[in-house]
Amino acid sequence: MDNKGSKKHFVAVFGGAVAGSEVVNQLTVQGIHCVVFDQNILPHGKIEDGLPKWHSKQRDTEESHINERLNHPLVQFVPQCKLGRDISFQELMQWNFSAVVLATGAWKDRSLPILDIDNYTGKGLYYQNPFVYWYNHKHEPAFTGKEFEIKDDAIVIGGGLASLDVAKILMMEMVTAKLKQRGIVVSLFEMNHGIHKVLAKQNLGLDDLGIKGCTLYYRRRDEDMPLSHLAADTPEHIARAKLTRQKILNNYMNKFLFRFQPCMAPVDKVTENERLTGIVFRRTDADEKKCVEIPGSEITVNTPLVISSIGSLPEPIEGITSSNSTFKIESEVSCKLIGYENVFIVGNAVTGKGNIHDSSHHAKQISQWMLEHFLINRQPLTEETIVDIMNRVKQLQEQKGYNGNYSDWAKIHTPIRLEQLGESL
Ligand SMILES: Cc1cc2nc3c(=O)[nH]c(=O)nc-3n(C[C@H](O)[C@H](O)[C@H](O)COP(=O)(O)OP(=O)(O)OC[C@H]3O[C@@H](n4cnc5c(N)ncnc54)[C@H](O)[C@@H]3O)c2cc1C
């Protein structure tokens with residue numbers, strides 16, 4: 001499809017991060033105008049607020065890709081505009097965009113499967129997404145977000161890569177603080193090479209610092225952890241994938257000194273004085289296919305802090321039907337929202353995979369489908385509709401103080417980095 005130079009179509013993209021910016025990339029190459037709305041000041045999504053800040057080089061590379069794509073003459077950006085809050089879905093549909101793409105990611109932590117446990121959020125229980133957000137931004141002088149308190153002997157419940165990162169954060173924060181009390185200042189980037197190395201250099205162990213360390217609980221075995229994307233389609237591939245998963249976990253544990261408990265499913269809570277003080281686990285009989293809880297095998301683990309990292313789901317958007325926090329799509333080929341001929345969903349919001357490559361690849365695939373099977377047959381917008389859309393966009397941009405220069409906006413609003421505060425890489 002070649003729409004170069006034409007003003008036929010205007011596409012609204014909600015969420016401008018990895019997936020949203022890939023959609024913009026695919027569409028602008030074909031001369032299609034895009035309006036990117038993001039709930040945040042900058043559209044960097046989980047690259048900024050999820051990927052832990054020790055990945056500073058990867059973060060900067062990914063963010064500069066996003067910025068390049070949005071800094072395009074065919075793209076309008078609207079910051080701090082959340083679908084469902086600042087624009088309702090019903091109102092959006094009346095703007096008459098050629099198509100709407102939801103690239104809104106997965107920001108809702110999956111709840112622990114324990115009755116009423118969420119009542120203890122902030123009272124002995126944290127969830128991964130706000131915890132990592134705090135970790136990534138807490139060094140910024142202007143940070144005014146929610147503060148999180150690290151405690152020793154914490155429990156992390158999870159099993160994916162993000163849960164290993166949560167355990168790593170806990171360990172690095174505790175060791176850094178204890179070393180600081182002894183007058184030893186170690187940078188995050190030094191810590192990132194391994195707590196074991198930092199401590200060996202000081203001739204110290206966790207015991208010397210009075211740290212017990214945290215424990216990661218997983219309901220299956222180490223070899224079942226979703227830690228690698230290696231194919232598992234033949235017995236050889238399965239064996240290789242299992243080994244790789246074990247290697248990844250062991251590497252993290254050797255470097256960051258946390259413990260691991262496999263085959264433990266959280267089933268109940270222990271509380272005291274309005275705080276969560278422990279979790280009851282039931283042992284499981286698990287292999288690559290099954291994961292069955294063993295009746296009567298309950299174990300109570302007391303802990304001052306539980307961090308749940310059992311996956312992220314798309315946040316529900318008012319006006320859009322979802323079931324079990326998943327948007328209903330017509331088919332995986334088009335990822336069209338059921339009931340709407342021109343609404344598509346891409347990236348983490350639909351793949352359920354917390355992975356940069358998968359989000360980007362999915363967004364590319366769906367954009368190609370939109371171009372080849374939908375936009376090509378879509379009636380061009382009238383000049384009147386285009387003027388109307390542009391007027392509405394300009395009004396929202398003015399409300400947010402955005403003057404249309406994306407490049408300047410990105411420069412001004414990029415948060416202060418640890419490196420700028422004197423942390424050496
Ligand atoms: C702790 C952690 C570690 C990770 N480590 C890795 C790793 O090592 N390697 C890797 O490949 N991946 C990693 N990931 C995952 C990776 O960062 C994400 O999968 C990927 O960045 C998701 O991209 P996305 O564009 O699909 O979604 P997101 O980045 O979530 O983007 C969604 C965008 O939509 C915006 N938005 C959301 N709702 C609305 C709304 N209603 N209206 C308007 N805008 C909205 C958001 O502000 C955001 O900009 C990690 C994630 C975490 C949490």
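Reader: Which loop holds Gln80, and between which elements does that loop run?

Author: Happy to walk you through it. This is a predicted model, in which local features need pLDDT of at least 70 and side-chain atom pairs count only at pLDDT 80 or more, while totals for chains, interfaces and linings use all residues. Residue numbers start from 1 along each chain as its sequence is written.

Gln80 sits in the loop between β3 (75–78) and α4 (89–93); helices (H or I, at least four residues) and strands (E, at least two) are DSSP runs numbered from the N terminus. Its phi is near 50°, a positive value in a residue other than glycine. Gln80 counts as partly exposed because it has 17 C-beta neighbours inside 10 Å. On this scale, 20 or more other C-beta atoms within 10 Å make a residue buried, 12 or fewer make it exposed, and partly exposed is in between, with C-beta atoms placed from the backbone.

Asp116 also has a positive phi, near 60°, and lies in the loop between β5 (108–109) and β6 (125–127). Asp116 is exposed, with 8 other C-beta atoms within 10 Å.

Stepping back, the protein divides into domain 1 (10–107 + 314–421) and domain 2 (109–297), with bounds from an automatic or database domain assignment. Their centres, taken over C-alpha atoms, are 31 Å apart. Where they touch, eleven residues of domain 1 contact 16 residues of domain 2. On the domain 1 side, seven of these residues are nonpolar, two polar and two charged. Here Ala, Val, Leu, Ile, Met, Phe, Trp, Tyr, Cys and Pro are nonpolar, Asp, Glu, Lys and Arg are charged, and the others, Gly among them, are polar.

Finally, a helix pair: residues of α1 including Val18, Val23 and Leu27 meet residues of α12 including Ile356, Ala363 and Leu371. By class, this contact has seven nonpolar, six polar and two charged residues.

Key. Two residues are in contact if their C-beta atoms, placed from the backbone, lie within 7 Å.
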